Amino acid sequence: MDFEQIKEIVTNVIREYCELNHIEVGELTKDTPLIGSARILDSMGLVNVIVDIETAFLDEDIEVSLTSDAAMSSRISPFRTIGALSHFIARQIGIEA
Amino acid sequence: MNRVIIITGTRKGIGRYLAEQYLAEGDIVYGCSRRNCDLEHENYHHENLDVADEEKVVAFVRNVYKEQKRIDVLINNAGMASMNHVLLTPKMTAERVMNTNFMGSFLFSRECAKYMMKQRNGRIVNYSTVAVALNLNGELVYSSSKAAVEQLTRVWPEKSVSMASR
């Protein structure tokens, strides 16, 4: 698995969640914000998406933990954008240093 | 369809009887205990673990989901008591009781709820004790840990999964 595949899984999960919950979003890119004033999800939506992303990777036999101490205590949140979250996952599974 | 049920503390007592009952009804049961369990059944899966060991709990629940692709019910049965007078209760005992009763319920609930949310279905059952309601003397640490479990049940976000305290 490479970074693009990771980003694709993350993006697909978010798109599915938005469609299921009738949340209108434009094109999802690596810069789409997940937290902050321009975020596309509310706090419960972010929780749901985090859980769905974890299980989506588990379905691919890849174990990631987005509720780890590292994720929650990072000075710069890994949840700020789709790209940042994808990089965080890539580092966790050893694709990026 | 047979339910996939996780029961903690299946080596003896209520957990053991519940496991045997659900197995007899055709359900698939995943159980755990710190010490070895001699329950054998084609639909029973067991692992020795401490319910307060986060790494082990995460791996255990993940494995259930990987094998079954769903988790229908979690029964947070594992528990321990300490009936010492508070002035004679060692810190280590208080920690063990809190870890098993509260932390075990917290960790298993958190991990199972992830998969239950994904499948939009699931139930979690927690245990309390009359010692909370009756403020029984001599059971301070035990009842405090169960009071924490009651609060966990009350404050648990409704939107994730259905949780009940028994």
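**View 1. Surroundings of Cys112(B) in the predicted model.** Leaving aside residues up to four places away in sequence, Cys112(B) touches Ile6(B), Val61(B), Ile71(B), Leu74(B), Gly122(B) and Ile124(B). Two residues are in contact if their C-beta atoms, placed from the backbone, lie within 7 Å. Residues are numbered from 1 along each chain as its sequence is written, and chains are lettered from A in the order in which they are written. Because the model is predicted, local features need pLDDT of at least 70 and side-chain atom pairs count only at pLDDT 80 or more, whereas totals for chains, interfaces and linings use all residues.

**View 2. The largest nonpolar core.** This core holds 31 residues, of which Ile5(B), Ile6(B), Val64(B), Ile71(B) and Cys112(B) touch the most other members. A nonpolar core is a set of buried Ala, Val, Leu, Ile, Met, Phe, Trp, Tyr and Cys residues joined through C-beta atoms within 7 Å; a buried residue has 20 or more other C-beta atoms within 10 Å of its own. Among the elements of chain B that give two or more residues are strand E1 (4-8), helix H2 (54-68) and helix H3 (91-118). H3(B) supplies the largest share, eight residues. Helices (H or I, at least four residues) and strands (E, at least two) are DSSP runs, numbered from the N terminus.

**View 3. Another core, apart from the largest one.** This core has 18 residues, including Val10(A), Val13(A), Ile40(A) and Ile82(A).

**View 4. Elements and burial in chain B.** Chain B has five helices and six strands, in the order β-α-β-β-α-β-α-β-α-α-β from the N terminus on. Of its 166 residues, 39% are buried.

Terms used: A residue is buried if 20 or more other C-beta atoms lie within 10 Å of its own, exposed if 12 or fewer, and partly exposed in between; C-beta atoms are placed from the backbone.
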